[in-house]
Amino acid sequence: MENTLFWLIIFISGWTLSDGSETEPDFTWHLSRIPRVVSERTVHLASPTFQADAGMVMTAVCGIECQEELPAPSLSQLEDSLSYETVFENGTRTLTRVKVQDLIPEPTRNSSLKGARPRRLRRQVYGTDSRFSILDKRFLTNFPFNTAVKLSTGCSGALISPNHVLTAAHCVHDGKDYIKGSKKLRVGVLKMRNKGGGKKRRGSKRSRREAEGGGQSHSGQEHPQESATQRRGKGSRRGPRVTQGRPSFQWTRVKSTHIPKGWARGESGDPALDYDYALLELKRAHKQQHMELGVSPAITKLPGGWIHFSGFDKDRDDQLVYRFCSVSEESNNLLYQYCDAEAGSTGSGIYLRLKEPGKKTWKRKIIAVYSGHQWVDVHGVQKDYNVAVRITPLKYAQICLWIHGNAANCAYG
């Protein structure tokens with residue numbers, strides 16, 4: 001029964017759902033012209049101290065209606081927020097100022113989240129836990145699940161090019177400083193290894209220790225295709241053993257990290273949740289399929305209103321966890337939803353599966369980054385959501401610039 005349910009969930013994302021009307025919904029990726037984000041000048045900054053504690057603490061949040069009342073940011077404000085820091089593996093740091101060209105103004109529906117947040121219990125699983133641990137190696141090391149990666153700081157991320165990982169900015173920076181352990185940041189990709197096969201990489205034991213997420217296997221949950229061997233290791237301080245036919249993490253050093261100034265404010269202000277995303281450049285290519293980046297469409301363009309993402313929730317003991325849910329609310333920069341998720345899954349790439357233009361084939365693209373749990377003010381009432389940062393045309397242009405080094409390959413998205 002569990003296997004049947006799991007297969008149903010895997011394939012249901014490709015269905016085109018009808019709302020009962022005569023006209024079929026248009027669930028197609030629509031390419032549009034992207035504004036240009038151009039590097040203007042780069043200056044060197046003092047090396048960071050790497051002393052911040054891991055975890056996101058937002059001291060100010062308001063809801064969708066207060067975002068709608070705020071004026072749209074000016075061009076200079078956008079350029080300041082889209083300017084970015086780059087920190088390299090040797091600890092050096094730069095600041096690059098950018099210019100925005102060919103910008104098409106969007107309707108004023110949101111801005112950075114500001115306002116007071118009450119202290120309440122953090123809750124990231126809502127009601128019945130609907131997460132699925134991906135344990136079958138037929139899925140685990142194949143697309144799309146093999147695009148999910150684990151960071152040595154405890155977060156998740158998504159492969160969006162042979163050399164780049166998209167994640168949440170708070171996974172490496174708290175808005176003031178880079179977090180402890182991010183100077184020697186590593187990314188873990190699940191690979192199949194045979195017993196006794198392959199060469200041991202230098203520092204692999206240390207990498208596994210750094211990447212230990214902690215926590216024990218979550219009891220009482222549905223684990224499709226779970227075996228006693230895969231549940232083993234509860235409370236163990238050691239990393240997963242490399243056994244016959246079982247996947248393990250292959251760790252790669254991060255060469256450089258890019259973070260928008262909208263998040264990395266330093267002492268000049270609080271980080272803006274709208275800019276909780278970062279790009280990691282790997283020291284070597286991972287040599288497996290990645291998932292392309294896409295511009296986030298409106299909720300009405302999502303099949304069933306659903307989004308999907310996979311990450312390494314800490315309560316599942318290094319298991320890859322998949323979930324899907326519908327989006328409850330949206331603003332220009334954020335998606336508000338109730339996808340069940342726990343610590344460790346932040347930074348995951350949220351994706352959709354839509355039709356390619358002029359074709360009958362479907363394609364997955366990452367359209368947001370999972371940021372985490374937040375209490376927000378919605379129509380005068382405090383509500384808690386799991387929040388994701390949307391890939392807007394401007395953010396698409398910025399990330400594309402980070403990947404390619406220029407805006408020439410970033411005209412459409």
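Trainee: Hi! How many salt bridges does the structure hold?
Mentor: The structure holds 15 of them. A salt bridge here is a side-chain nitrogen of Lys or Arg within 4 Å of a carboxyl oxygen of Asp or Glu. This is a predicted model, where local features need pLDDT of at least 70 and side-chain atom pairs count only at pLDDT 80 or more, while totals for chains, interfaces and linings use all residues. Residues are numbered from 1 along each chain as its sequence is written, and side-chain values use heavy atoms, with hydrogens and water left out.

Trainee: Is Asp-313 buried or exposed?
Mentor: Asp-313 is buried, at 1% relative accessibility. Buried means under 20% relative accessible area, exposed over 50%, and partly exposed in between (1.4 Å probe, protein chains only). Arg-131 is buried as well, at 1%.

Trainee: And what does Arg-323 pair with?
Mentor: Arg-323 also forms a salt bridge with Asp-313, at 2.9 Å from N to O. Salt bridges with shared partners join Arg-131, Asp-313, Asp-315 and Arg-323 into one network.

Trainee: New topic: what about Arg-253 and Glu-89?
Mentor: They form a salt bridge, with their closest N and O atoms 3.9 Å apart. Arg-253 sits in strand β9 (residues 246-260) and Glu-89 in the loop between β2 (84-88) and β3 (93-101), 164 residues apart. Arg-253 is partly exposed at 23%, and Glu-89 is partly exposed at 26%.

Technical notes:
Helices (H or I, at least four residues) and strands (E, at least two) are DSSP runs, numbered from the N terminus.
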